[in-house]
Every structure is written in C-alpha cells, then in structure tokens.
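User: I'd like to learn how to read pockets in a model. Can you walk me through it?

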Amino acid sequence: MRTVYVNGDYLPETDAKISIFDRGFLMADGVYEVTSVLDGKLIDFDGHVARLERSLAELEMASPVTSEDLLEIHRALVARNGIEEGMVYLQITRGAPADRDFVFPDPDETPSSLVVFTQNKPGLADNPAAKKGMRVISIDDMRWGRRDIKTVQLLYPSMGKMMAKKAGADDAWMVQDGFVTEGTSNNAYIVKGGKIITRARSNDILHGITRAAVLRFAAEAQMEVEERNFTIAEAREADEAFITSASTFVMPVVEIDGVKLGDGTPGRVAPRLREIYLEESRKAAI
Ligand code: PDD
C-alpha cells in the first residue's frame with residue numbers, strides 16, 4: 001500500500017484523513033503542484049516550489065512548511081514508495097476552520113493543510129503516445145481569470161477532457177476571444193516554418209515549469225521562438241503542434257478538430273524537443 005503525507009505524518013493511504021470542513025473540499029481554496037520523477041529523482045523541483053510560493057502569495061495563504069521540508073517530504077515519499085518513474089502531487093489548502101464561512105480564517109487559528117502523495121507511472125518517459133501524437137479538439141475557455149495561480153478548481157478542465165473523450169480525441173485546447181489559451185492541463189504550441197509559437201505568459205494561462213525549460217532549451221538549440229497569441233485556424237495550418245506539462249513532458253499533437261497537421265504524424269521539432277528536455281532534465285534532476 002502507498003505511503004502518503006498528511007499534515008506532518010507519513011501514513012498508509014487508507015489512514016490519511018482531511019476534515020470535511022477543509023476549505024479545499026468546500027471551496028476549492030487550495031493550490032497544487034505536480035512534479036515528475038525520472039530515475040527516482042525529481043524533475044524541475046525548484047521551479048515547482050517557486051511557482052507554489054507564488055500561488056500561495058497571490059492567495060494570501062501560508063505554507064505550513066519550508067521549501068526544504070517540501071524537498072525532504074518529496075524525497076521520502078519517492079523512496080518509501082519505490083518510485084522510479086511517476087509523479088509527486090502536492091496540495092496546500094487554507095485548512096479546516098470550525099465552520100463554513102466565505103471569509104478567510106485567521107491563519108494563526110487555522111493552519112493550512114498539506115497533502116503529498118506519489119503516483120507510480122512506469123514508462124512515463126518512454127510513453128508510446130509520444131510516437132503517435134495526440135488529437136485535440138477546441139473548446140471555449142470558461143475558466144476564471146487567474147489561471148496563472150495553480151488552484152485545485154479543476155472542474156472545467158476535467159469537463160474539457162470529457163468533451164474531448166466523447167469526441168474521440170485525447171485532449172482539448174481552450175479558446176478565449178478567438179485565441180488559444182492552453183490545453184486542459186498543459187501549455188499549447190504550434191510550429192510553422194521552423195518557428196515555435198506559444199501564447200505569452202499572463203493571467204490567462206498557467207506559467208508552465210516545463211514550458212520555461214523547453215523554451216530555454218529551444219533557444220539554446222538556436223530554434224526560433226515567438227511568444228504570441230494564435231488562433232485555431234492558424235494552428236490547423238501549422239506544420240506541427242505540441243503540448244508541454246510535468247506529466248507529458250513534450251507531446252506532439254497531430255490533429256486539431258479532426259484536421260490532420262502535415263501528414264498526421266509527429267513532425268521533427270516536437271520529438272527533438274522531447275529528447276532534449278528528457279536528456280537535460282534527467283541530468284539536472286535532484
Ligand atoms: N498540469 N496549464 C495547465 C492548465 C496545467 O494544469 C498544467 C499542468 C500546465 C503545465 O504546467 P507544468 O509544465 O508546470 O506541469 C499548463 C498538471 C501537470 C496537472 O494538473 O496534472
């Protein structure tokens with residue numbers, strides 16, 4: 001059985017408990033991070049902790065532990081659960097006040113809750129989907145206006161995945177005012193004439209940790225990157241497309257709303273970026 005971490009304790013997953021008054025449960029008043037694990041080591045951990053601290057600060061939420069503690073907890077869970085490839089999920093919520101109330105509780109009386117658990121995913125790096133590429137549909141982006149904060153309000157992204165599934169696709173790209181924001185749980189890119197195009201960072205998208213690393217590696221490899229809005233019409237005309245996230249790394253997209261990109265197989269840029277990302281990230285893993 002998996003060992004998980006809840007508010008200071010390492011416990012078997014069936015013994016881990018959170019109050020029914022926890023604001024994460026009642027109000028989605030919580031933030032999270034997903035860090036991938038390769039070769040039993042954490043990928044881009046510092047980036048995930050930096051974004052977590054930013055999310056917490058934006059919501060005036062206190063962290064119950066230091067970033068050093070978080071590293072120790074992540075490593076302990078990876079070791080205890082024997083994770084070679086997979087993910088570590090971390091969630092901090094505004095804790096469990098005595099009763100339900102819209103007003104934030106006093107942090108001195110109501111400490112934040114911290115939950116961390118691992119997900120074992122052998123074959124995460126060698127994912128066969130990366131060879132085939134994925135199919136996406138476009139849907140309206142109906143999320144709130146602070147998508148740069150990594151909150152646990154994932155109902156609309158979850159509905160988006162279901163819309164994709166019902167349409168026989170793998171994921172959905174969300175569109176706002178005619179322009180693609182991002183995927184349901186990943187950042188979105190197109191490639192045209194060798195140039196990598198992706199929406200610039202703002203409150204409209206999550207500032208992906210994988211995105212930052214991939215854009216850095218692309219620049220180092222002399223690839224041209226343009227951070228700007230693009231439409232679904234432009235994406236359908238692109239040579240290639242792909243997504244990035246901690247759980248998919250770099251994953252080619254070969255079809256948008258039923259229209260094949262190029263010959264309908266992953267092109268050259270996305271697979272190359274995946275290779276570079278995996279190689280460099282493994283080297284820097286801690
Ligand atoms: N999702 N955009 C959204 C809306 C996301 O939920 C994610 C990550 C990303 C990519 O961010 P990063 O490269 O830091 O993983 C972009 C995680 C993996 C999840 O919810 O499981």
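Analyst: Let's start with the second largest pocket of this predicted model: it holds about 300 Å³ of space. Its lining has 17 residues, and Ala129, Gly133, Met134, Asp170 and Met251 are the closest to its centre.

User: What does rolling a probe over the atoms show?

Analyst: With a probe the size of a water molecule, you see where empty space is left.

User: Which helices and strands each supply at least two residues of the lining of the second largest pocket?

Analyst: Helix 4 (129-132), strand 7 (134-140), strand 13 and strand 14 (249-256) do. By class, that lining comes to five nonpolar, seven polar and five charged residues.

User: Okay, now the largest pocket. How much space lies in it?

Analyst: About 920 Å³. The largest pocket has 41 lining residues, with Tyr32, Lys150, Leu154, Thr184 and Ser185 nearest its centre.

User: How many residues of each class are in the lining of the largest pocket?

Analyst: There are 15 nonpolar, 17 polar and nine charged residues.

Technical notes. Residues numbered from 1 in each chain as written. Predicted model: local features only at pLDDT ≥ 70, side-chain atom pairs only at ≥ 80, totals over all residues. Heavy atoms only, no water. 1 Å grid on protein atoms, 1.4 Å probe; cavity = no way out; pocket = protein on both sides within 12 Å on 5 of 7 lines; lining within 4 Å. Points joined across faces, edges and corners; volume = space filled by probe spheres on them. Nonpolar A, V, L, I, M, F, W, Y, C, P; charged D, E, K, R; others polar. Helix = DSSP H or I, 4+ residues; strand = E, 2+ residues; numbered from the N terminus.
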